[in-house]
Amino acid sequence: MPDACTLPTVDQPVRVAEFDQFFAGSVRTTHRPAATRLDLHLSPGSETAGRDLASRESSCCSFFTFGFDTTDAGPVMEVGVPATYVAVLDAFAARVEAAIGGERR
């Protein structure tokens, strides 16, 4: 599998909008434990939507890895990239921060 995004250009704005909507409605806080990982702390009941988006994104952008965990505070979506894609994760994190009104920890 190539280390690039294979989502057709025409579909990319739709996917970005889906993520923006997910971020705004489902992400409560973020945490960046490493340059290559971003944790999204989700609202209860939003893990299914997160898993759906993560699955679809993984199928076209193989450099992303997504994991899910459950903590006492609720579900966590873990987003990871190889070191060569830190700038992509930075942009992803900036979109999350914009959608939730700035980074909250």
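Predicted model: local features only at pLDDT ≥ 70, side-chain atom pairs only at ≥ 80, totals over all residues.
Which residues do ring pairs link into a cluster?

**View 1. The open sheet of four strands.** The strands are arranged in the order β1-β2-β4-β3, with antiparallel pairing. At the edges are β1 (27–34) and β3 (65–71), each of which pairs on one side only. From one strand to the next, the twist averages 25 degrees.

**View 2. Pairing of β3 with β4.** Strand β4 covers residues 74–80 and is joined to β3 by seven bridges. The two strands run antiparallel. Within this pairing, Phe 66 has Val 79 of β4 as its bridge partner.

**View 3. Helices α2 and α3 against the sheet.** Helix α2, residues 47–60, lies across β2 (37–42), β3 and β4. Its direction is at about 165 degrees to that of β3. Helix α3, residues 86–100, also packs on the sheet, where it touches β1, β2 and β4. The angle between the directions of α3 and β1 is about 155 degrees.

**View 4. The largest nonpolar core.** This core has 24 residues. Those that touch the most other members are Leu 40, Met 77 and Phe 92. Two or more residues are given to the core by each of α1 (12–26), β2, α2, β3, β4 and α3. Helix α3 supplies the largest share, five residues. In soluble globular proteins, nonpolar side chains tend to be buried together.

**View 5. Surroundings of Phe 92.** With neighbours within four places in sequence left aside, Phe 92 is in contact with Phe 19, Phe 23, Leu 38, Leu 40, Phe 64 and Val 79. One of these contacts, Phe 19, is buried, as is Phe 92 itself.

**View 6. The aromatic pair Phe 19 and Phe 92.** A search of the whole structure gives eight aromatic pairs. In the pair formed by Phe 19 and Phe 92, the ring centres are 5.6 Å apart and the planes are at 70 degrees, an edge-to-face arrangement. Because Phe 19 lies in helix α1 and Phe 92 in helix α3, the pair ties together parts that are 73 residues apart in sequence.

**View 7. The aromatic cluster.** Ring pairs link Phe 19, Phe 22, Phe 23, Phe 63, Phe 64, Phe 66, Tyr 85 and Phe 92 into a cluster.

Technical notes. Residues numbered from 1 in each chain as written. Heavy atoms only, no water. Pairing = 2+ DSSP bridges. Axes fitted to C-alpha atoms, helices over the stretch in contact; angles between N-to-C directions. Contact = heavy atoms within 4.5 Å. Core = buried A, V, L, I, M, F, W, Y, C linked by side-chain atoms within 4.5 Å. Buried < 20%, exposed > 50% of the residue type's maximum accessible area, 1.4 Å probe, protein only. Phe/Tyr/Trp six-rings, centres within 6.5 Å; stacked < 30°, edge-to-face > 60°.
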